[in-house]
Amino acid sequence: MADLRKLIFIVDDDPVLAEMLKDHLSKMTHYEIHVFEKGEDCIEKLHLKPGIVFLDFYLNSVDKDAIDGLEVLQEIKKIDPDIDVVMLSGQDKIEVAVKTMQYGAFDYIVKGESAFYRAEKAVFNIYRFKKLQGNAESYKRLSIWLAIGFGALALLIMYLQMSGNIKDLPGWL
Amino acid sequence: MSTASDLTFMRTFSGGDPEKIKKYVGMFLKMAPPSLNQMDEFSQKMDWKSLKTTSHSLKSQMKYMGMALGAEIAQKLENICAEESGTDEIPDLLSKLRSQVALAVTELENELSKL
């Protein structure tokens with residue numbers, strides 16, 4: 001079964017946006033939510049195994065030396081590729097969005113009034129994607145076990161036939 | 001008469017919950033004036049990168065407070081700083097932004113007192 005982790009990290013140095021997003025996602029989902037102002041703090045807490053990280057593209061408006069969102073994204077993917085990262089940015093630029101996707105982001109949300117609804121949709125899409133991934137893995141495992149089972153059954157029947165315990169092989173063999 | 005701020009989005013977003021509106025607007029009121037001071041400092045030091053980052057951050061917050069003109073000015077500042085071209089416009093833009101924020105602060109405080 002795919003890992004359906006119920007923890008979200010929000011990493012944004014804009015406390016107003018972070019608080020609003022936290023309140024919105026708390027209301028609309030059943031995830032536990034942790035907020036970080038800096039990417040470094042988020043990376044330090046990745047052992048808590050968040051399923052989703054909402055990550056601001058610019059993370060240095062408060063601390064000029066803080067690492068930026070792209071660096072944090074790369075670090076997260078290096079440490080735990082199963083974490084889905086949704087980038088947040090005030091820039092509605094396709095090249096920025098493409099760049100974040102190339103680095104492995106699941107989605108890119110432009111900050112604005114619709115950002116909260118889009119964030120909620122992203123959580124839903126990630127959950128659905130993970131669930132489908134889990135189902136696909138289950139079917140794959142089931143197929144493998146069925147193949148092994150049939151193989152073993154065929155070998156048993158052949159053995160029984162060769163040892164004279166049964167006369168004829170079934171038609172499917 | 002036009003206003004510098006508009007809490008329509010904030011009211012919808014919070015489902016009309018006055019405590020939430022107070023919380024978000026209160027955070028903005030606490031953060032915006034120091035951000036403007038920082039922006040003035042960055043401008044004097046010609047630190048365009050820092051000015052761009054602070055304008056960018058303030059712009060997002062102003063959008064949620066319905067400060068359309070304020071957000072537009074912040075966007076202009078962000079663009080100028082990114083391109084490092086037309087920087088002579090910065091003092092005037094900062095002054096306009098300061099006026100917008102001052103107006104919005106009065107309006108928002110007034111709105112909060114009614115909640």
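## Close-up views of a predicted two-chain model

**View 1. Helix H5 of chain B and its buried residues.** In H5(B), the residues B:Ile90, B:Leu97, B:Gln100, B:Val101, B:Ala104 and B:Leu108 are buried (20 or more other C-beta atoms lie within 10 Å of a buried residue's own, 12 or fewer for an exposed one, and a number in between for a partly exposed one, with C-beta atoms placed from the backbone). This is a predicted model, in which local features need pLDDT of at least 70 and side-chain atom pairs count only at pLDDT 80 or more, while totals for chains, interfaces and linings use all residues. Residues are numbered from 1 along each chain as its sequence is written, and chains are lettered from A and ligands numbered from 1 in the order in which they are written. Helix H5 covers residues 90-114 of chain B, 25 residues in total, and spans 36 Å from its first C-alpha to its last, close to the 36 Å expected at 1.5 Å a residue (the expected span is 1.5 Å times one less than the number of residues). Helices (H or I, at least four residues) and strands (E, at least two) are DSSP runs, numbered from the N terminus. The buried residues of H5(B) pack against H2 and helix H4 (68-83) of chain B.

**View 2. Where H1 of chain A meets H2 of chain B.** The axes of H1(A), residues 15-28, and H2(B) come within 9 Å and cross at roughly 160° (axes are lines fitted to C-alpha atoms, for helices over the stretch in contact, and angles run from 0 to 180 degrees between N-to-C directions). That makes H1(A) roughly antiparallel to H2(B), a term used for angles over 145 degrees. The contact (C-beta atoms, placed from the backbone, within 7 Å) is made by A:Pro15, A:Val16, A:Glu19, A:Met20 and A:Asp23 of H1(A), together with B:Lys20, B:Lys23, B:Tyr24, B:Met27 and B:Phe28 of H2(B).

**View 3. The side of chain B that touches chain A.** The contact between the chains takes 17 residues from chain B and 16 residues from chain A. Helices H1 (8-13), H2 (18-44) and H3 (48-64) of chain B each supply at least two residues of the side of chain B that touches chain A, and the largest share, 10 residues, comes from H3(B).

**View 4. A loop residue with positive phi.** B:Met46 has a positive phi of about 55° although it is not a glycine, and its place is in the loop between H2 and H3 of chain B. B:Met46 is exposed, with 10 other C-beta atoms within 10 Å.

Methods: Two residues are in contact if their C-beta atoms, placed from the backbone, lie within 7 Å. Angles under 35 degrees count as roughly parallel, over 145 as roughly antiparallel, 65 to 115 as roughly perpendicular and the rest as oblique.
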